[in-house]
Amino acid sequence: MTMNNRSLGTTGPQVSALGLGCMGMSALYGEADRTESVATVHAALEAGVTLLDTGDFYAMGHNEMLIGDALRTAPAARREQALVSVKFGALRDPDGNWSGYDGRPAAVKNFAAYSLQRLGVDHIDVYRIARVDPDVPIEETVGAIAELVEKGYVRHIGLSEAGAETIRRAAATAPISDLQIEYSLISRGIEDRILPTTRELGIGITAYGVLSRGLISGHFSRDRQLAVTDFRAHSPRFQGENLQHNLNLVEALRKIAEGKGVTVAQTAIAWVLSRGEDIVPLVGARTRERLSEALGALDVTLDEADLSAIEEAVPADAAAGERYPEAQVAHLDSER
């Protein structure tokens, strides 16, 4: 395994070639084992992963506390190499329902205060609103984070699921390190306008959903039963004929992977890695076994023939179904 560093844009930190997305350790993808989750974070740090991604609303703070525990119990040298990225702004109720986003400056600082406490750190490395608040100008939200940077509570400002025009406005307000957004073989919407914009402005990409929530991991089966609390039970891409169509794409990808002697997941991650040095894939491994498989993608080289074969097997816009349920798409500035 070769863990080279990449940069989160021209103003962001150097991070490992892969980051660890920790959401699934707490919420939205069924039951997770806390002990195994902490062990997976430790294994990631030991392997050279530096970027840990979370959100203050993942199981209402549970994920931040889990990462805080993992950092406290990690060897000092590994703990010091960790860079924590936090998303904020999503509003929840006690039943776990979603009720919008809050990007007001006072809310930004309030959310940060709680995150610092739950994580047990004196600063957050990258701080970003999870979805653009349509009722608050992005200049005000980013400006509030910039004030936190000035006071030392935040090191770098990020964005999440923002559209091209919003990215430009944010970057005119303060230096932006990176945009976190879904990007995978079957979610390539950023390629037309968003990716050219971030590259023009020197903003990096942290790509989540590189395995499309397990759909293109090679491990998801049509007859898998999902809990009602599992996001995928309501995701259009995991429903009925959409699911069968998408799994057919996976089987086409599997033939290419097997020809190279690697797994489907490794091929899909390697494809994202091949898109540019300014893109850092976040892998949502919840166990050490899945983490080990994902790290193996770092040793997969895709030549032009491989990339052409992958493109033929899984063309852009080949997926059936939207990446989010209709009600959630309305909150995506990146889709406007």
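**Burial, salt bridges and the barrel in a predicted model**

Tutor: Gly100 sits in strand E7, which covers residues 98-101. The model is a predicted one.

Student: Why is Gly100 called buried?

Tutor: Its relative accessible area is 17%. Buried means under 20%, so Gly100 with its 17% is classed as buried.

Student: How far is Gly100 from Ile186, in sequence and in space?

Tutor: They are 86 residues apart in sequence, and their C-alpha atoms are 27 Å apart.

Student: What makes Arg34 and Asp69 a salt bridge?

Tutor: The closest N and O atoms of the two are 2.4 Å apart. The cut-off is a side-chain nitrogen of Lys or Arg within 4 Å of a carboxyl oxygen of Asp or Glu, so the pair qualifies. Arg34 lies in helix H1 (residues 34-46) and Asp69 in helix H2 (residues 62-72), so this bridge ties together parts that are 35 residues apart in sequence.

Student: Why is Arg34 called partly exposed?

Tutor: Its relative accessibility is 34%. Buried is under 20% and exposed is over 50%, so 34% falls in between. Asp69, at 28%, is also partly exposed.

Student: Which parts does the salt bridge of Arg118 with Glu64 tie together?

Tutor: The closest N and O atoms of Arg118 and Glu64 are 2.6 Å apart. Arg118 lies in helix H4 (residues 105-119) and Glu64 in helix H2, so the linked parts are 54 residues apart in sequence. Glu64 is buried, with a relative accessible area of 0%. The model has 19 salt bridges in total.

Student: How do you know that Arg237 has no salt bridge?

Tutor: The nearest side chain of opposite charge, Glu182, is 4.5 Å away. A salt bridge must be within 4 Å, so Arg237, although buried, has none. Arg237 is in the loop between strand E11 (204-208) and helix H8 (240-260). Its contacts beyond four places in sequence include Glu182, Ile186, Asn242 and Glu322.

Student: How do you know that strands E3 and E12 pair?

Tutor: Two bridges join E3 (residues 19-21) to E12 (residues 279-283). Gly19 has Leu282 in E12 as its bridge partner. The barrel closes in the order E3-E4-E5-E8-E9-E10-E11-E12, with parallel pairing, and the twist from one strand to the next averages 30 degrees.

Terms used. Residues are numbered from 1 along each chain as its sequence is written. This is a predicted model: local features need pLDDT of at least 70, side-chain atom pairs count only at pLDDT 80 or more; totals for chains, interfaces and linings use all residues. Side-chain values use heavy atoms; hydrogens and water are left out. Helices (H or I, at least four residues) and strands (E, at least two) are DSSP runs, numbered from the N terminus. Buried means under 20% relative accessible area, exposed over 50%, partly exposed in between (1.4 Å probe, protein chains only). Lys and Arg count as positive and Asp and Glu as negative; His and the chain ends are not counted. Contact means heavy atoms within 4.5 Å. Two strands pair if DSSP finds at least two bridges between them. Axes are lines fitted to C-alpha atoms, for helices over the stretch in contact, and angles run from 0 to 180 degrees between N-to-C directions.
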